[in-house]
Structure formats: structure tokens, C-alpha cells
Amino acid sequence: MEVIINQEDGKTYVKLSGRLDTTNASAFQTDIEPLFALEDPDIELDCTDMEYTSSQGLRAFLMLQKSVTSHGGKLVMTNMKPQVREVFDITGFSTIINIK
Amino acid sequence: MTTRIVPIAGKTAEIIETVMASPDVPQDETLRFKIRLSVEEIAENIVNYAYNNGNGFVEITTTLDESGMLTISFKDAGVPFNPLEKEDPDITLSLDERPVGGLGIFICKKMMDSVSYVFEDGCNNFTMKINTRK
């Protein structure tokens with residue numbers, strides 16, 4: 001799983017690539033740690049190249065959403081592949097995380 | 001195909017790749033996604049909770065019958081544990097109320113056509129089935 005974080009005009013763009021699974025979920029958690037520290041989070045997670053996520057990935061996204069909301073910020077996940085989207089749908093995550 | 005892995009401590013990825021490499025598992029990408037995800041959630045449970053020290057075995061069996069039904073079974077001699085006894089998470093809860101975690105088995109149940117569990121001869125047996133010709 002590759003994570004590239006870019007800041008531009010007060011917005012934070014995060015490009016996610018690869019598979020998010022049991023082998024790298026804790027590394028991913030560390031990689032996105034800076035997003036939890038943003039004072040006024042306005043985050044876009046670009047999921048174009050995210051191939052897969054297990055429940056451990058969902059856990060990380062839920063924690064991020066909780067953090068962003070508690071900071072009064074915004075989080076959006078974009079261009080999710082259909083099979084990844086299905087995981088978000090069946091777990092009800094599509095209703096608590098903004099997916100475009 | 002039957003494969004026995006022992007000891008299993010830290011072997012989640014090996015269990016997943018064992019199943020995915022089985023000739024019984026079809027090449028269709030959508031199916032493989034569902035299978036990989038379901039296997040990962042179960043493997044994670046067995047590796048982390050079946051044995052106190054991770055020193056036990058897991059036996060993985062895959063079969064593909066004539067009708068295209070793929071069966072994947074996991075057998076371990078760890079602490080008796082029926083993952084299907086756990087209540088499904090409430091997926092309608094709001095962000096605030098939503099607990100972190102507890103989704104693994106639920107995802108497997110949703111992705112597969114059927115899942116079952118039986119404790120037999122001192123072993124946990126967890127089985128998942130998916131029709132590969134849908």
C-alpha cells in the first residue's frame with residue numbers, strides 16, 4: 001500500500017495505491033498519522049488505485065473519519081473501484097463516510 | 001486440495017496465499033476479491049485467537065464440485081470458538097455510535113453464499129462456500 005500526501009491551498013490530497021490488508025494495515029495507520037494532527041482537516045482520499053481493503057483498512061478509515069469530524073473538518077473518498085465500494089456498502093460505511 | 005500449516009503464528013498472509021494459489025479457486029477477478037477478503041478475515045481470527053501461543057496448526061481444504069460450488073474449510077485444534085455466534089454489527093449506527101472493529105466475520109458472511117461452523121473431534125471447523133458460476 002502506497003500513501004502519498006500532498007498539501008495544496010489548505011486542502012490535503014492523499015493518493016492511495018495497492019492493497020490494504022493484514023500485512024500492511026499497521027504501517028498504513030502510521031502513514032496516515034499526520035492526517036489526525038491536522039487542525040482544520042479538508043481531506044480528499046484518491047482511491048483510483050486502491051485495489052483492496054480488508055476490515056483492518058476499514059478500521060483505519062473509520063478512525064480517520066471520527067477524527068476529522070471531531071475537528072469539524074471534511075473528508076471525502078473519490079474514484080473507488082466497484083469491488084472496494086461494495087465492502088463500504090455492505091458494512092454501512094458508505095453512509096458514514098462521504099464517497100464520491 | 002488440503003494444506004496443513006504449522007505453527008501458524010504470524011502466518012495470515014501465508015494462509016491467504018495458499019488458498020489463492022489453489023487450482024480450485026477460479027481466475028475471475030471479482031470472485032477472487034471476495035474470496036481473498038473472506039479468507040483474510042477468517043485467517044486473521046485463527047492466527048490471532050485460536051492458540052494461546054500460535055504453536056498449533058491450521059488445515060485448509062478447498063474443493064470445487066461439478067456444479068461450480070467452491071468450498072473452503074479451515075480446521076484448527078485451538079480454543080473452541082464459534083465465530084457465527086457473534087451478533088452482526090448494527091450497520092445503521094451513526095458515526096459517533098459506530099464502534100471501531102468487529103466487522104471481519106460479518107464481511108465474510110456477506111461475501112460468501114454460505115458459512116458454517118462445527119466443533120468436532122476437538123477441532124474448530126469453519127467452512128465457507130461460494131458459487132463460482134453465478
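How many helices and strands does the secondary structure of chain B come to? The answer is three helices and five strands. Here, helices are DSSP runs of H or I with at least four residues, strands are runs of E with at least two, and both are numbered from the N terminus.

Before going on, a word on the model: it is predicted, local features need a pLDDT of at least 70, side-chain atom pairs count only at pLDDT 80 or more, and totals for chains, interfaces and linings use all residues. Residues are numbered from 1 along each chain as its sequence is written, while chains are lettered from A and ligands numbered from 1 in the order in which they are written.

**Chain B as a whole**

Chain B is as compact as a globular protein of its 134 residues, because its radius of gyration, 15 Å, is close to the 14 Å from the globule rule. That radius is taken over C-alpha atoms, and the rule is 2.2 Å times the number of residues to the power 0.38. Some overall values:

| Property of chain B | Value |
|---|---|
| Box filled by C-alpha atoms, along the principal axes | roughly 45 × 40 × 25 Å |
| Buried residues, out of 134 residues | 32% |
| Contacts joining residues at least 24 apart, among those at least 6 apart in sequence | 64% |

"Buried" means 20 or more other C-beta atoms within 10 Å of a residue's own; 12 or fewer is exposed, in between is partly exposed, and C-beta atoms are placed from the backbone. Two residues are in contact if those C-beta atoms lie within 7 Å.

**Where the chains touch**

The contact takes 18 residues from chain B and 19 residues from chain A. On the chain B side, α1 (12-20), α2 (29-50) and α3 (104-111) each supply at least two residues. The largest share, six residues, comes from α2(B).

**A look at chain A**

Helix α3 of chain A (residues 55-70) has 16 residues and reaches 22 Å from first C-alpha to last, close to the expected 22 Å. The expected span is 1.5 Å times one less than the number of residues. Its buried residues include L58(A), F61(A) and L62(A). After α3(A) comes G72(A), with a positive phi near 70°.

N24(A) sits in the loop between β2 (11-20) and α1 (25-31) of chain A. N24(A) and M80(A) are 56 residues apart in sequence and 19 Å apart in space, C-alpha to C-alpha.
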